[in-house]
Amino acid sequence: MRAAKFAPPPIASVEQSAKQEEVLRLAYRLMGTKGMHRMTLQDVADAAGMSKANVVYHYKTKEDLVLTVMQWVLGRVADRVVAATASAKGRDAKIRAMIDAIFLDPKRNRNFYIVYAELIAHSSRNGRFAELNGWFREIVTGQYAAVIGSTTRRSKKAVTESAMVVRALIDGLFLQWLEEPDWEARHEEYKNLCVRSIIAFLDK
């Protein structure tokens, strides 16, 4: 699914048991509701119905747990985008499939961008978070470039720059959507605007 040219994830990938994956899922939800700073290992242990010592055994520190959670979440997003665009035919269909894979539903998108915004903030002060964010950015922007490059004769540099603008359009519209008082009701509107904006930009 993920192209071999992309760098390996910062944290060595290991197969998670069903229980460990549930811990990651619960920690991700807590990060969305309480924030990375306020969430504690005890919170995660309580939500998972296990001892704090058991959480520490698997993830050592809160930072390790947060990084593992984010790599798990970001990896799922990246894989979803890669799979969606691979099966679509033609540029516009690939763009629609890509945006459908990103704009899943209001609550999931809101939770993701709230948590992701914290990751970006941490990236400016913590090298491990910066490395993780760079890995995700490389994969996703690379996939945007693959979609653009598969249906255009632009130079490699032009494709790379276009992919950066497409990412800015997507992230920028998501941030505007988060600020809407009626964000849940306007999710589909913003998704369609995102598709139209990308196509209009690429048609210039």
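Predicted model: local features only at pLDDT ≥ 70, side-chain atom pairs only at ≥ 80, totals over all residues.
**Contact of helix 1 with helix 4**
- On the helix 1 side, the contact is made by E21, L24, R25, A27, Y28 and M31.
- Helix 4 contributes L65, V66, T68, V69, M70, W72, V73 and R76.
- Sorted by class, this contact has ten nonpolar residues, three charged residues and one polar residue.

**Helix 1 itself**
- Helix 1 has 17 residues, and its first and last C-alpha atoms are 24 Å apart, close to the 24 Å expected at 1.5 Å a residue.
- Its buried residues are Q20, V23, L24, L26, A27, Y28, L30, M31 and G32.
- Helix 2 (41-48), helix 3, helix 4 and helix 6 (106-123) are among the elements that cover these buried residues.
- After helix 1 comes G35, which has a positive phi, near 95°.

**Y57 in helix 3**
- Y57 is in helix 3 (residues 52-59).
- A residue counts as exposed over 50% relative accessible area; Y57 has 59% and is therefore exposed.
- Between Y57 and L26 there are 17 Å in space, C-alpha to C-alpha, and the two are 31 residues apart in sequence.

**Helix 7**
- The 23 residues of helix 7 (residues 127-149) should span 33 Å at 1.5 Å a residue, and the 31 Å between its end C-alpha atoms agrees with this.
- At the start of helix 7, the backbone nitrogen of R128 has a side-chain oxygen of N126 within 2.8 Å.

Technical notes: Residues numbered from 1 in each chain as written. Heavy atoms only, no water. Contact = heavy atoms within 4.5 Å. Helix = DSSP H or I, 4+ residues; strand = E, 2+ residues; numbered from the N terminus. Nonpolar A, V, L, I, M, F, W, Y, C, P; charged D, E, K, R; others polar. Expected span 1.5 Å × (residues − 1). Polar contact = N/O pair within 3.5 Å; in protein donor to acceptor, adjacent residues only side chain to side chain. Buried < 20%, exposed > 50% of the residue type's maximum accessible area, 1.4 Å probe, protein only.
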